[in-house]
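Trainee: I have a new model open and would like to walk through it with you. Could we take it piece by piece?

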Amino acid sequence: MNTVLLQYALEVQRTGSITRAAASLCMDQPNLSKAIRSLEEGLGAPIFKRTPKGMVPTSRGRVFLEQARNVLIQIEEMEHLYKPDALEGVNFSVSMPRSSYLSLAFSRVIRNLGSQEPMNVWLRETSTENTLKEVESGEYNLGVIQYPVCSEKFHARKIWEKGLAAETVFEYELRLLFSQDHPLAGKEDIEEADLMPYTEIAQGEEGLEYSEEWNREKESPESLKRIYVFDRESQLNLLNQVSDAYMWTSPVPQEALSKFHLVERRCKKSSRIFRDVLIYRKGYSLTAWDREFLDELKKVAENL
């Protein structure tokens with residue numbers, strides 16, 4: 001079977017559209033449609049069905065696409081193994097959310113590499129939706145996604161549909177971050193109602209809608225003042241400079257709290273339980289440095 005046809009089919013799955021896939025592949029739409037029909041005729045069964053939401057894999061098509069992805073991964077690994085000019089040393093890539101403890105774990109991995117060893121390392125901080133796409137496509141080997149525990153079924157289905165393996169890294173209750181001068185910084189028993197007069201620094205993130213339970217919770221904001229920020233360091237700087245600001249966050253390492261002169265507090269009776277999950281393509285074998293990153297994640301999480 002022509003592996004180019006497998007690549008075409010996987011691109012249609014990734015984009016959900018013949019038109020977008022053709023544009024991504026720099027080819028004409030009729031030629032791509034013809035190639036997909038040829039592939040389906042060879043298989044004797046449709047791979048995709050057309051819906052109002054775009055091209056969606058059939059049940060048999062989803063199994064075929066997962067196998068096609070694994071075939072291409074294995075071919076890529078064989079080519080890399082026997083390519084004479086292949087880069088020696090460390091090849092490592094991870095797509096993950098903007099989180100202080102994740103950044104610390106990544107920094108420790110880089111520190112452990114040493115300065116003499118050749119390396120090709122990629123880090124991208126982005127949304128859950130983007131991470132799922134980037135790991136599915138093979139652009140990044142590893143990903144970390146964060147989601148509320150109440151949306152577990154929603155995300156488990158997304159992970160399964162994209163042919164990914166998953167491993168829980170950390171489960172935690174969201175914490176509150178304040179500047180040391182914030183009126184609530186010295187208060188031990190904070191309730192969500194206490195936050196009402198203050199300005200929330202919120203994560204500006206496009207992507208998944210989560211579950212209905214989580215959306216209902218978000219419809220009742222504890223603050224009438226909110227600033228959406230995409231960059232993690234800008235969020236921390238705002239917290240430091242705006243004395244009435246606060247932010248919900250995953251647990252923060254002491255190094256980051258000290259650097260930005262912040263304090264972390266728990267919220268009494270909070271139901272904001274989140275889970276961080278490592279994802280990678282099924283059939284992908286974790287490298288020694290992938291495992292090093294996973295080990296560092298767990299070590300940092302244990303100390304929070």
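Trainee: Which residues of strand 7 point one way, and which the other way?

Mentor: Happy to start there, keeping in mind that this is a predicted model. On one side of strand 7 you find Leu176 and Phe178, and these are buried. The residues pointing the other way are buried too, and they are Arg175, Leu177 and Ser179.

Trainee: How many residues of strand 7 are buried?

Mentor: Strand 7 covers residues 175-179. It is largely enclosed by the rest of the structure, because the number of its residues that are buried is five of the five.

Trainee: With which strands does strand 7 pair in the antiparallel sense?

Mentor: One partner is strand 10 (residues 245-249), joined over four bridges, and there arginine 175 stands opposite threonine 249. On strand 11 (residues 262-265), leucine 176 has arginine 265 as its bridge partner. That pairing also runs over four bridges. The antiparallel partners you asked for are therefore strand 10 and strand 11, given the four bridges in each pairing.

Trainee: In what order do the five strands of the open sheet come?

Mentor: Start from the edges: strand 9 (225-229) and strand 11 each pair on one side only. Neighbouring strands are turned by 30° against each other on average, direction ignored. The pairing in this open sheet is mixed, and the order is 9-8-10-7-11.

Trainee: At about what angle does helix 9 run to strand 10?

Mentor: Helix 9 lies across strand 7, strand 8, strand 9, strand 10 and strand 11. Its direction relative to strand 10 is about 140°.

Trainee: Is glutamine 235 buried or exposed?

Mentor: Glutamine 235 belongs to helix 9 (residues 232-241). Not counting residues up to four places away in sequence, glutamine 235 touches Ile201, Ala202, Gln203, Val229 and Met247. Its relative accessibility is 1%, so glutamine 235 counts as buried.

Trainee: Let's turn to the aromatics. What kind of pair do tyrosine 101 and phenylalanine 170 form?

Mentor: The structure holds six aromatic pairs. In this one the ring centres are 5.2 Å apart and the planes are at 75°, so the pair is edge-to-face. It links distant parts of the chain, 69 residues apart, with tyrosine 101 in helix 5 (residues 100-113) and phenylalanine 170 in strand 6 (residues 164-173). Both residues are buried, tyrosine 101 at 0% relative accessibility and phenylalanine 170 at 11%, and the pair itself is edge-to-face.

Trainee: And what kind of pair do the rings of tyrosine 172 and phenylalanine 274 make?

Mentor: Their centres lie 6.5 Å apart, with the planes at 20°, so the pair is stacked. Tyrosine 172 in strand 6 and phenylalanine 274 in strand 12 (residues 273-281) are 102 residues apart. Tyrosine 172 is buried at 4% relative accessibility, as is phenylalanine 274 at 9%. The answer for this pair is stacked.

Trainee: Where does the largest share of the largest nonpolar core come from?

Mentor: This core has 39 residues, and Tyr101, Leu142, Leu176, Phe178, Leu195, Phe293 and Leu297 have the most contacts inside it. Among the elements supplying at least two residues each are strand 6, strand 7 and helix 11 (288-302). The largest share, seven residues, comes from helix 5.

Trainee: How many residues lie between strand 1 and strand 2 in their hairpin?

Mentor: Strand 1 (residues 48-51) and strand 2 (residues 54-57) run antiparallel, joined by four bridges. Lysine 49 has valine 56 as its bridge partner in strand 2. Between the strands of this hairpin, the number of residues is two.

Trainee: One last item: which residue just after helix 6 takes a positive phi?

Mentor: Helix 6 (residues 128-137) is mostly covered, with seven of its ten residues buried. Leu132 and Val135 are among those buried residues. Just after the helix, a positive phi of about 90° is taken by glycine 138.

Technical notes
Residues numbered from 1 in each chain as written. Predicted model: local features only at pLDDT ≥ 70, side-chain atom pairs only at ≥ 80, totals over all residues. Heavy atoms only, no water. Buried < 20%, exposed > 50% of the residue type's maximum accessible area, 1.4 Å probe, protein only. Phe/Tyr/Trp six-rings, centres within 6.5 Å; stacked < 30°, edge-to-face > 60°. Core = buried A, V, L, I, M, F, W, Y, C linked by side-chain atoms within 4.5 Å. Contact = heavy atoms within 4.5 Å. Axes fitted to C-alpha atoms, helices over the stretch in contact; angles between N-to-C directions.
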